[in-house]
Amino acid sequence: MFGSTKPTNITDTGHIHVGKGLNNNALGVVGSTVIGLASTAPLYSLAATLGWVILAVGEQAPVAFLAAAIPMIFAAFAYQELNREMPDCGTTFVWGAKAFGPIVGWIGGWAVAVSAIMVLANVAEIAGLYFWYLLGNDDIANNRPLVVITGCIFIALMTGVSAIGVQIGERLQMVMMVIQYVALALFGILAFIGALNGGSPSAVAFDPEWFNPAAVTSWSGFIEAVLLCLFIYWGWDTCLALNEETRNPRRTPGQAALATIVILIVTYVGISVAVMMFAGFGDTGFGLTNEANLDDVFTVLRDALFGPWGWFLILAMLVSGASSTQTTILPTARGTLSMAVYGALPARFAKVHPRFKTPAFSTTVMGIAAIAYYALMSVISENVLADSLTSMGLAVALYYSITAFACVWYFRKTLFDNARNFFMRGLLPLLGGIMLAYAFVQSAIDMIDVDYGYTVLLGIGGAFVIGVGALAFGFVLMGAWALNPRSRGFFSGERLNKDTPVLVPEE
């Protein structure tokens with residue numbers, strides 16, 4: 001089936017009659033976009049980030065949100081172009097291997113898994129915490145072991161949903177996304193109205209200068225804010241990992257990814273402006289630079305905006321964490337499925353459930369790994385867990401930049417065929433890759449500082465040790481698998497190289 005010559009089950013057009021066994025034609029543009037949005041957990045992401053962004057860059061927070069979207073859009077172009085050529089659920093793994101060889105591809109696939117496992121600990125904790133808030137039991141919400149147990153239960157439940165089928169997950173995500181966006185819309189509208197009618201003593205008037213990049217007074221503060229904003233867009237690429245289960249797999253996933261980013265831009269900028277108008281920039285009361293408000297701006301403003309309906313925002317926060325828990329499992333399970341198909345992981349990871357047509361084994365392993373990681377980090381220290389979540393950005397920047405550079409290199413011979421190729425496959429992905437590589441390097445440098453996060457390990461910032469250590473551990477695992485005779489076809493480039501067709505379903 002694999003080799004340097006064309007496999008016998010591939011047609012003259014390069015299409016393979018039978019793919020990896022996933023549920024073909026299960027998702028459309030709307031479903032893919034909803035799943036992409038759910039992966040970003042927009043409600044919680046904005047609530048937990050807005051205060052820190054304003055602390056770093058002040059009134060120019062909207063500029064930071066817009067600036068952070070630029071490399072994401074450019075990277076999305078790279079994903080779109082590579083997906084049109086090779087709609088494989090392995091995404092970065094497959095594209096990186098085809099462009100730069102098996103080692104880069106394998107590490108790209110590992111970075112996807114690392115980022116997912118780390119963020120799962122975060123969103124599961126949010127789901128567990130707000131579950132008890134919703135029930136009105138603050139004592140249990142403040143009981144660390146019970147919150148962790150609840151979060152692990154959410155991971156297990158969402159792993160089960162992911163294993164049963166992508167269509168069931170899509171329907172569930174539709175409901176949860178409606179709840180999340182209704183809460184976001186109400187929050188923004190109520191904040192805007194409250195700012196205009198004097199509902200807040202710290203309210204300020206809208207100022208067009210908030211959107212003026214020239215008004216930024218601190219370059220270092222602006223870069224810090226952009227890096228914070230950059231990673232709350234993360235998750236849109238889930239659309240691409242579901243390409244083999246999508247109708248029109250060469251076009252729909254890319255369209256859904258770009259739609260996801262555009263919706264997030266409107267959401268983040270629009271809601272942030274409304275909240276800035278209502279709360280102001282002071283360091284007391286509702287003020288957005290008040291240290292007591294930084295970790296969760298929305299909860300601080302909940303009672304002032306929602307009154308007795310504040311429970312609905314708590315529900316939406318719970319839904320935000322729970323929905324992201326489910327959708328974060330999807331891309332890694334499919335990534336490891338693809339890696340196993342091409343011999344980069346044990347064949348067991350390539351097993352697809354005969355009834356549900358999902359990567360059942362990969363999904364289960366992903367869930368178990370996330371539960372083990374969350375529980376272990378929580379037992380060691382809550383601060384270590386917090387720094388591990390912060391370091392997740394390194395893995396994200398790494399695999400996004402690999403994909404962007406892979407696009408440029410893979411299509412290098414056709415970049416000057418026409419203007420579209422030059423921009424969509426060349427210049428814009430290249431710029432996106434450079435920006436994301438810079439984000440990786442700058443974030444790593446920042447994390448070295450002992451004052452960066454909550455812990456100090458080996459005499460430097462704990463976030464750096466955890467983030468870089470997790471990526472370095474990938475080389476250890478890759479080396480161990482390379483010693484297995486079953487891996488020779490992959491690492492020799494025989495089973496996956498620039499010329500071998502990918503194993504995807506015929507359209």
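Buried means under 20% relative accessible area, exposed means over 50%, and partly exposed lies in between (1.4 Å probe, protein chains only). By that rule arginine 334, at 0% relative accessibility, counts as buried.

This is a predicted model, in which local features need pLDDT of at least 70 and side-chain atom pairs count only at pLDDT 80 or more, while totals for chains, interfaces and linings use all residues. Residues are numbered from 1 along each chain as its sequence is written, and side-chain values use heavy atoms, with hydrogens and water left out.

**Salt bridges**

Side chains of opposite charge can pair when their charged atoms come close. A salt bridge is a side-chain nitrogen of Lys or Arg within 4 Å of a carboxyl oxygen of Asp or Glu. The whole structure holds 10 salt bridges, including those in the table.

| Pair | N to O distance |
|---|---|
| Aspartate 88 and lysine 20 | 2.8 Å |
| Arginine 420 and glutamate 81 | 2.7 Å |
| Arginine 334 and glutamate 245 | 2.6 Å |

Aspartate 88 sits in the loop between H3 and helix H4 (92-100) and lysine 20 in the segment before helix H1 (29-40), so their pair ties together parts that are 68 residues apart in sequence. Helices are DSSP runs (H or I, at least four residues), numbered from the N terminus. Aspartate 88 is buried, at 0% relative accessible area, and lysine 20 is buried at 8%.

Arginine 420 belongs to helix H17 and glutamate 81 to helix H3, so this pair ties together parts that are 339 residues apart in sequence. Arginine 420 is partly exposed at 36% relative accessibility, whereas glutamate 81 is buried at 0%.

Salt bridges that share partners join Glu81, Arg84, Arg420 and Arg425 into one network.

**Helix packing**

Helix H3 (residues 61-85) packs against helix H9 (residues 219-230) at an angle of about 60°, with their axes 8 Å apart. H3 is therefore oblique to H9; angles under 35 degrees count as roughly parallel, over 145 as roughly antiparallel, 65 to 115 as roughly perpendicular and the rest as oblique.

**Nonpolar patch**

Ile70, Leu430, Leu431, Ile434 and Met435 make a nonpolar surface patch of about 370 Å². Patch residues have over 30% relative accessible area and no salt bridge, and nonpolar side chains are joined within 5 Å. Helix H17 (residues 419-448) gives the most to the patch, with 4 residues. Leucine 431 lies in helix H17 and is partly exposed at 33% relative accessibility.

Notes:
Patches are made of residues with over 30% relative accessible area and no salt bridge: like charges are joined within 9 Å, nonpolar side chains (Val, Leu, Ile, Met, Phe, Trp, Tyr) within 5 Å. Accessible areas come from the Shrake-Rupley method with a 1.4 Å probe; for residues, only the protein chains shown count as cover. Helices (H or I, at least four residues) and strands (E, at least two) are DSSP runs, numbered from the N terminus. Axes are lines fitted to C-alpha atoms, for helices over the stretch in contact, and angles run from 0 to 180 degrees between N-to-C directions.
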